[in-house]
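Subject: Structure handover

Hello,

Here is the structure we spoke about. Please open it alongside this email.

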Amino acid sequence: MTNSGYTVHVENLTRMFGTFKAVDNVSFQVKPGEIFGFLGANGAGKTTTIRMLCGLLLPTSGKAIVAGYDVYKDTEAIKRHIGYMAQRFSLYEDLTVRENIEFYGGVYGLNRKQIKTKTAELLDYLKLWEHADKLTASLPLGWKQRMALSTALLHNPDLIFLDEPTSGVDPESRRNFWMLIYELSEQGKTIFVTTHFMDEAEYCHRLSIMRDGKIVELDKPQSLKQKYKADTMQDVFMKVVQKVEA
Amino acid sequence: MIPIVINNLKKSYGAVQAVKGVSFEVEVGEVFGLIGPDGAGKTTIIRTLVSLLDPDEGEIIFMGKNVIGNTKFVRSNIGYMPQRFSLYRDLTVEENLRFFGDLFKVSTDVQDKLMKKLYAFSKLAPFKNRRAEALSGGMKQKLALSCMLMHQPKVIVLDEPTFGVDPVSRSEFWDILKSLAHEGTSVLVSTAYMDEAELCDKIALMFQGNFLALDKPDKLLQSYEFPLYLIETDQVHTAYNKLYKLEEFSDCNLFGNGLHVSDKNNYGEAGIKGILDKKQVEYKSVHRIEADLEDIFLKLIKDGSETSGREQR
């Protein structure tokens, strides 16, 4: 384990597919407790970067340390120290709330006692005791979403990846969700968000924007808006991504 | 003739009322948006309109004919792009277009002309020999739309066509929709993205099977009754926890750029700063802003839950 003080420390990271540079010499650092937005057009290299950070794909060159572990050598350790919440969630609809939590506890390698304690903790935290033995399918979407987040946190990871976490969720539930994210951030968890939803991107502390395999912007949302003289992140994104083509 | 007229449409699945009696019209050359979260009832409305689902109650008139009993007429005159559109992955862009043209018995001559125009719209010409599976998400959506246009429908219906598509491709996709509408095509489109709502000529804000509002976007924006202020702060979630219960503001909502609060008592900027100081809320700036559609939607949801709460009591 290496400790650089960053949860994610990436230097000159590159990934080739044949002669195509999917990720081209990318460098960035994410601090503990930071909410980091990772933006870019389809095909800009986001997914490839994230797969490398999660230990699912080896880089061609460069360095990446995630939660203190090296993406070349410590891929299994990385998987134990990160959480992942997929777009439109991956809960089992035909299991009850309790069964889902227990199932994911098992997946993350918690023992029986830990699973029991964690389940109780989560049901408290999510205020879901009343619904613990109901089918997950019967819950409103906003609750499922909070549940999906909580199951991704069962093994107490330092870093959690969120993929378009609130798309399709109603505006109130979206805000409840972001309040949870801010709390996690205050507890020191690092949050790594990918989204095509620019309102959502604005909730992040810092944003990076990828284009053609490179990170072309990295700053606070407010600073980016000032730099591009834009009222919204949507405008910023359009200007950044289209700059070369224009 | 108004292409789409829907009166008091209701549909339940078991005990769940998915659509609770909605009425609207889509006029010639209009882009009408069904805006709302998952589960609001958008897909149910669309599926009843394209004759894939029978309503429990209400009337759906498509180009002057009742949808029930005229399934064949509806399906051959409507362009429908479902949420999960299946292109033939191992056919090229051009082969996909030809396939849909043949399916709707469009002659080769007409197909040639149409494809020229659709390539101009979609900018897909350079990729016409590429297999569909090798296209980016945004290009796939544009190809799906083009396939659907091969039989030149006067009315097109799209269910969340831009889900998962990046902002640049989304904006290109909307440019195409707008130019189709400009040529007289009527468009019914659903989306959960608020920035797309503003691009529609008319929108229905949907929540839990109901329309909370139905109007032109700019009319809805003007409907916000109190002055709205943006509080910029680095501690947005702490600030929210201190402020959201206060009587002074009828709305207090978290946004990416800070908190939006409604100044129902007309304190003005100075007055609001006074309240923030009293409550020991750290802030960088306070200034007046115009409400956006998300502000309106949040207010309507809140008003709705307060009304139904009163009814229960």
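Below are notes on the model, then the interface, a sheet and the salt bridges.

This is a predicted model, in which local features need pLDDT of at least 70 and side-chain atom pairs count only at pLDDT 80 or more, while totals for chains, interfaces and linings use all residues. Residues are numbered from 1 along each chain as its sequence is written, chains are lettered from A and ligands numbered from 1 in the order in which they are written, and side-chain values use heavy atoms, with hydrogens and water left out.

Interface of chains A and B

Contact (heavy atoms within 4.5 Å) involves 36 residues of chain B and 33 residues of chain A. The two chains bury about 2800 Å² between them, 59% of it on carbon and sulfur atoms; buried area is the accessible area (1.4 Å probe) that two parts lose on being put together, summed over both. Two salt bridges link chain B and chain A, a salt bridge being a side-chain nitrogen of Lys or Arg within 4 Å of a carboxyl oxygen of Asp or Glu. E294(B) and R175(A) form a salt bridge through their side chains, at 2.9 Å from N to O. On the side of chain B that touches chain A, the elements giving two or more residues include α6 (167–182) and α11 (293–312) of chain B. Helices (H or I, at least four residues) and strands (E, at least two) are DSSP runs, numbered from the N terminus. That side of chain B has 16 nonpolar, 13 polar and seven charged residues, where Ala, Val, Leu, Ile, Met, Phe, Trp, Tyr, Cys and Pro count as nonpolar, Asp, Glu, Lys and Arg as charged, and the others, Gly among them, as polar.

A sheet in chain A

Chain A has an open, mixed sheet of six strands in the order β6-β7-β8-β3-β9-β10; strands pair if DSSP finds at least two bridges between them. Its edge strands are β6 (82–85) and β10 (214–219) of chain A. Strand β9 (residues 206–211) of chain A pairs with β10(A) in the antiparallel sense over five bridges, and L207(A) has D219(A) as its bridge partner in β10(A).

Salt bridges overall

Over all chains, the whole structure has 30 salt bridges. In one of them, E30(B) meets K202(B), with the closest N and O atoms 3.6 Å apart. E30(B) lies in the loop between β2 (16–26) and β3 (31–35) of chain B and K202(B) in strand β9 (residues 202–207) of chain B, so this pair ties together parts 172 residues apart in sequence.

Regards
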